[in-house]
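Good morning, everyone, and thank you for making time for this.

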Amino acid sequence: MNDLKLIEAYRSELQNYSLEQLRHLSSEGVWSIGQMYDHVILVAHEYLDNMEACAASLEEQKLGKTEFGKRLFENGGFPSIKIKLPDELNAPPNNSDTMEELMSRLDEVMQRMRQWEIKVDDVNPYYKVQHDGFGWLNAREWYDLVGMHFRHHLRQKEELVEKLRLSEVK
């Protein structure tokens, strides 16, 4: 499944949830479905902002990826493990958006991706922006990271849906 179709699937699945279900917190420290959506949307925009910064750059960067970054791109995605960020980077995502607001925000991500889909490979691959964990990434890599991140959260989404089903929130 290509990245835009994956994001479209996330969007269409939103219609399956009531506002209460989107905001349901199953336990302390576990995100709601709405918070997971907020997270992947915010991160997608951050990655696309970095892709655009690469495109606007005028300076080549010869440094490359970290070992983790190399493995990430060699494997085409994140490892299937839960990744815990340091507390200072791990503020709980927003839990107040409605289904319509989340759909609109996903539409914005897809619109930005469509705008760059054809031209991202025209950006000099040595114009890079640094990722704290993955090293120096070029525009194509930032673009691809959006889909990798959405795919990484598929399992979490399934777990949240199962917890919701078990709690029987209507």
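This is a predicted model: local features need pLDDT of at least 70, side-chain atom pairs count only at pLDDT 80 or more; totals for chains, interfaces and linings use all residues.

Let me begin with Glu-74, whose place is in helix H4, residues 67–75; helices here are DSSP runs of H or I with at least four residues, just as strands are runs of E with at least two, and they are numbered from the N terminus. Residues are numbered from 1 along each chain as its sequence is written, and side-chain values use heavy atoms, with hydrogens and water left out.

Is Glu-74 buried or exposed? Glu-74 counts as exposed, because its relative accessibility is 64%, where exposed means over 50% relative accessible area, buried means under 20%, and partly exposed lies in between, using a 1.4 Å probe and protein chains only. From C-alpha to C-alpha, Glu-74 and Gln-130 are 18 Å apart in space, and in sequence they are 56 residues apart.

Next comes helix H1, which spans residues 3–13 and has as its buried residues Asp-3, Leu-4, Leu-6, Ile-7, Tyr-10 and Arg-11. These residues lie on the same side of H1 because they cover an arc of only 160° around the axis, the arc being that of the directions from the helix axis to the C-beta atoms. What do they pack against? The partners of the buried residues of H1 are helix H3 (33–56), helix H5 (99–117), helix H6 (139–152) and helix H7 (154–167), with contact meaning heavy atoms within 4.5 Å.

Not counting residues up to four places away in sequence, Glu-13 touches Tyr-37 and Lys-157, and the side chains of Glu-13 and Lys-157 are joined by a polar contact of 2.2 Å. A polar contact is a pair of N or O atoms within 3.5 Å; within protein, one must be able to donate a hydrogen and the other to accept it, and residues adjacent in sequence count only if both atoms are side-chain atoms.

Let us turn now to H6, where we find Glu-141. Glu-141 is buried, with a relative accessible area of 13%, and its side chain reaches the backbone nitrogen of Asn-138 at 2.8 Å. Leaving out residues up to four places away in sequence, Glu-141 touches Lys-65, Phe-73 and Trp-136.

In the loop between H6 and H7 sits His-153, which is buried, at a relative accessible area of 8%. The side chain of His-153 makes a polar contact of 3.2 Å with that of His-149.

My last point concerns H5 and H6, whose axes come within 11 Å and cross at roughly 145°; axes are lines fitted to C-alpha atoms, for helices over the stretch in contact, and angles run from 0 to 180 degrees between N-to-C directions. The contact involves Leu-106, Met-113, Trp-116 and Glu-117 of H5, together with Arg-140, Tyr-143, Val-146 and Phe-150 of H6.
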